[in-house]
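Have a go at each task before reading its solution.

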Amino acid sequence: MHIFELINSASKKLKSKNISSYRLDSEILISKVLGKKREEILINDHQAVKQTEIEEFSNLIERRLLKEPIAYITGEKEFWSKSFEVNRSTLIPRPETELLIEKLIEIYKYKNIDILDVGTGTGCILISLLSEFKNSFGVGIDISKSALKIANQNAKKNEVINRAKFILKSIESNYDKKFDLIVSNPPYVKRVDLKNLVEDVKNYEPKLALDGGNDGLDVIKKVIYKSKEILKVNGRLALEISGEQKYKVSEILFKNNFRLENIIKDYNRIYRILISKKLK
Ligand SMILES: C[S@@+](CC[C@H](N)C(=O)[O-])C[C@H]1O[C@@H](n2cnc3c(N)ncnc32)[C@H](O)[C@@H]1O
């Protein structure tokens with residue numbers, strides 16, 4: 001069988017399961033099996049594929065047919081133009097989180113800062129920031145030991161490990177220093193809404209990364225209360241939220257002596273990022 005035939009037949013199967021990225025997914029998975037870049041595969045799609053590779057490809061397509069996210073199948077995801085290792089203990093980094101990175105780079109360009117990333121997961125936020133702020137240092141915390149292992153590997157791979165530390169702890173623990181910037185993309189889905197998430201997310205991504213408690217605000221509140229204590233004066237707190245939480249979270253920030261500086265909408269025009277400054 002030839003590459004194009006495999007791509008065509010896999011695309012058809014994925015399409016029949018309403019997987020909208022059917023062609024792209026087929027191309028990505030055949031690239032993984034053949035160990036070549038997608039672009040390279042596409043210009044050589046008349047080449048024959050060995051039987052063992054056909055079987056391997058077919059296994060990967062079976063996983064995708066069950067709605068397993070493509071990033072878990074390939075074991076990686078691109079974020080801020082870098083490759084991040086992912087597995088089922090980590091949330092798959094989302095493009096909207098890049099909006100947070102973009103804004104923070106604008107704010108902190110040429111500054112050396114101490115960063116705390118709460119709920120670091122793959123480490124994508126902290127690692128991307130450290131790769132831009134060459135003389136800055138950061139700590140990533142998470143309550144998932146397996147996620148922290150991945151974050152460590154990602155920091156090594158992206159060459160910031162000498163400026164990043166990953167620690168197993170929850171946000172409400174004690175800290176022995178203060179930070180210039182606290183960033184967090186906390187779990188913020190309301191518990192009742194978890195069952196309504198799309199299958200790829202609901203059945204595969206870690207509940208620990210999604211479940212924000214009854215009102216979705218459990219961890220967000222903890223992050224705000226702790227930030228009040230461990231941010232330096234004029235330090236900033238950058239939070240990713242779900243759109244409907246904007247008013248509630250702004251109110252909590254205001255009551256805790258934070259001034260909202262930036263409100264950023266995502267690609268679907270939904271409020272997604274709140275950046276606020278801790279006042280005296
Ligand atoms: C939505 S994921 C974000 C992962 C990553 N920062 C990103 O943006 O892709 C939330 C992360 O917070 C972690 N987490 C949940 N509760 C926490 C807590 N109380 N303290 C620290 N981390 C927590 C989860 O294990 C998960 O890795």
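**Exercise 1. Which residues come nearest to the ligand, and which elements give two or more residues to the shell around it?**

Step 1. The ligand has 23 residues around it, and those that come nearest are Gly119, Gly121, Ser170, Asn185 and Ala209. Here a residue is near a molecule if its C-beta atom, placed from the backbone, lies within 6 Å of it.

Step 2. Helix 7 and strand 4 are the elements that give two or more residues to this shell. Helices (H or I, at least four residues) and strands (E, at least two) are DSSP runs, numbered from the N terminus.

Step 3. Sorted by class, the shell holds 14 nonpolar, eight polar and one charged residues. In this scheme Ala, Val, Leu, Ile, Met, Phe, Trp, Tyr, Cys and Pro count as nonpolar, Asp, Glu, Lys and Arg as charged, and the others, Gly among them, as polar.

A note on the model before we go on: it is predicted, so local features need pLDDT of at least 70 and side-chain atom pairs count only at pLDDT 80 or more, while totals for chains, interfaces and linings use all residues. Residues are numbered from 1 along each chain as its sequence is written.

**Exercise 2. What is the strand order of the open sheet, and which strands stand at its edges?**

Step 1. The seven strands of this open sheet follow the order 5-4-3-6-7-9-8, with mixed pairing. Two strands pair if DSSP finds at least two bridges between them.

Step 2. Strand 5 (164–168) and strand 8 (258–265) are at the edges; each has a single partner strand, so one side of each lacks a neighbour in the sheet.

Step 3. From one strand to the next, the twist averages 15°. Axes are lines fitted to C-alpha atoms, for helices over the stretch in contact, and angles run from 0 to 180 degrees between N-to-C directions.

Step 4. Now the helices: helix 6 (residues 97–108) packs on the sheet, touching strand 6 (179–184), strand 7 (231–240), strand 8 and strand 9 (271–278), and its direction makes about 35° with that of strand 9. Helix 8 (residues 145–157) lies across strand 4 and strand 5, and runs at about 175° to strand 5. Contact between two residues means that their C-beta atoms, placed from the backbone, lie within 7 Å.

**Exercise 3. Describe how strand 4 is paired, and decide why it is largely enclosed.**

Step 1. Strand 4 (residues 137–142) pairs with strand 5 in the parallel sense over five bridges; Gly140 has Phe166 in strand 5 as its bridge partner.

Step 2. Five bridges also join strand 4 to strand 3 (residues 114–118), again running parallel, and Val118 has Ile141 in strand 4 as its bridge partner.

Step 3. Five of the six residues of strand 4 are buried, so the rest of the structure largely encloses it. A residue is buried if 20 or more other C-beta atoms lie within 10 Å of its own, exposed if 12 or fewer, and partly exposed in between.

**Exercise 4. Is Asp117 buried or exposed, and what does it touch?**

Step 1. Find Asp117 in strand 3. With 29 other C-beta atoms within 10 Å, Asp117 is buried.

Step 2. Not counting residues up to four places away in sequence, Asp117 touches Ile125, Leu126, Gly138, Gly140, Val183 and Ser184.

Step 3. For Asp117 and Ser184, 67 residues apart in sequence, the C-alpha to C-alpha separation is 5.6 Å.
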